[in-house]
Amino acid sequence: MGDGRRIGGGAFYTTDVALFTGAEYKPVEKLTIRPSVRFIYNSRFSAPVIPSLNLLFKASDRLTLRGSASLGYRAPSLKELFLYFVDNGLHNVQGNPDLQAETSRQILVSGEYRLPLSKSVLTMEPSLFMNYIYDRISLVQFSESSTLFTYVNLDRFRSKGAELRVRMAFSSLTLSAGAAYTGTWATFGGDVEQPETAWYPEVNASADYKFDKTKTLITVFWKHFGQRPVFVTNMEGQLKQFDNEAFSFLDAIVSQKLYKDRFNISLGVRNILNVTNI
């Protein structure tokens, strides 16, 4: 339910209910097959049946392989349909009651290799992924000269890429790092097609240190977003390319457990590098 001046000036309702069921089958000791299906009811949109299939192959005590294929479905939220948010000329975001629900297909293949060392455990997790989304819901700028942002359905959207995560766990210290290379492609307005896949890199690293005596945990997280091509259509339906510059985020947090681990207090600092404009 949504009600208020920023939700179209009235009250709007939607009902979304899902039933999920799954099974597990092991034809051999090392292989596990998990099929599942989700039944969805939405009061505003006709939802399809959503199946998925997950495979797990434990090749050895150190190596595990995973694969999954699934369909997806997402109905627009009340905010995306009816939001009306205009604030002193600084914000102008309006919903779109003509939005359609988005559907998708996902494929993921990944692995995990654990290597015990003398005083630590090294874990490596490579993965490959591909996503196809139809009628993807996106927040876009109405035109280059306008401050109006609204939600639209992209006809087709595709993302694909590879990722590698590495983790080194000691008794009190855990170090993690990861790198991903992702490409996106889309069509706009039915007949405007992105000329090429837009590739961009991401790199992240984190460190966790736990004081066993006091159960205090210190976490530092850093993530770098590489330069990213962005394609935008103007009022005439012409496709233009822009580039978001590279930037990095740095966060730190301290967590403390209290009263026999029943409470957890956290104090942190976000955006230490003070990134305010891209």
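This is a predicted model: local features need pLDDT of at least 70, side-chain atom pairs count only at pLDDT 80 or more; totals for chains, interfaces and linings use all residues.
Figure 1. Residues are numbered from 1 along each chain as its sequence is written, and side-chain values use heavy atoms, with hydrogens and water left out. Along the principal axes, the C-alpha atoms fill a box of roughly 65 × 50 × 45 Å. The chain holds one helix and 20 strands (DSSP runs numbered from the N terminus: helices are H or I with at least four residues, strands are E with at least two). Of the 278 residues, 27% are buried; buried means under 20% relative accessible area, exposed means over 50%, and partly exposed lies in between (1.4 Å probe, protein chains only). Taking contacts (heavy atoms within 4.5 Å) between residues at least 6 apart in sequence, 50% join residues at least 24 apart.

Figure 2. Start with strand β5 (residues 31–42), which runs antiparallel to strand β6 (residues 50–58) and is joined to β6 by eight bridges. Strands count as paired if DSSP finds at least two bridges between them. Within this pairing, look for P35 standing opposite L53 of β6. On to the next pair: seven bridges link β6 to strand β7 (residues 63–74), again in the antiparallel sense. Here F57 has L65 of β7 as its bridge partner. Four residues sit between β6 and β7, and the two strands form a hairpin.

Figure 3. Side chains of opposite charge can pair when their charged atoms come close. Across the whole structure, a search finds nine salt bridges, each being a side-chain nitrogen of Lys or Arg within 4 Å of a carboxyl oxygen of Asp or Glu. One of them brings together the side chains of E24 and R34, at 2.9 Å from N to O. E24 belongs to the loop between β3 (16–22) and β4 (25–28) while R34 is in strand β5, so this pair ties together parts that are 10 residues apart in sequence. R34 is partly exposed, at 35% relative accessibility. Another salt bridge joins the side chains of E80 and R74, at 3.2 Å from N to O. E80 is buried at 9% relative accessibility, whereas R74 is partly exposed at 31%.

Figure 4. Leaving aside residues up to four places away in sequence, D251 touches T219, V220, F221, V269, R270, N271 and I272. A polar atom of the D251 side chain lies 2.8 Å from the backbone nitrogen of N271. D251 also forms a salt bridge with R270, with 3.7 Å between the closest N and O atoms. Because D251 lies in strand β19 and R270 in the segment after β20 (263–269), the pair ties together parts that are 19 residues apart in sequence. R270 itself is exposed, with a relative accessible area of 71%.

Figure 5. Which residues make the nonpolar surface patch of about 380 Å²? They are Y209, F211, I218, V220 and V254. The elements giving two or more residues to the patch are β15 (198–211) and β16 (216–225). Patches are made of residues with over 30% relative accessible area and no salt bridge; like charges are joined within 9 Å, and nonpolar side chains (Val, Leu, Ile, Met, Phe, Trp, Tyr) within 5 Å. V254 comes from strand β19 and is partly exposed, with a relative accessible area of 37%.

**Figure 6. Y200 and its contacts.** Y200 is found in strand β15, and with a relative accessible area of 9% it is buried. Not counting residues up to four places away in sequence, Y200 touches A180, Y181, T182, T184, Q227 and R228. From Y200 to N274 the C-alpha distance is 22 Å, with 74 residues separating the two in sequence.

How values were computed:
A polar contact is a pair of N or O atoms within 3.5 Å; within protein, one must be able to donate a hydrogen and the other to accept it, and residues adjacent in sequence count only if both atoms are side-chain atoms. Accessible areas come from the Shrake-Rupley method with a 1.4 Å probe; for residues, only the protein chains shown count as cover.
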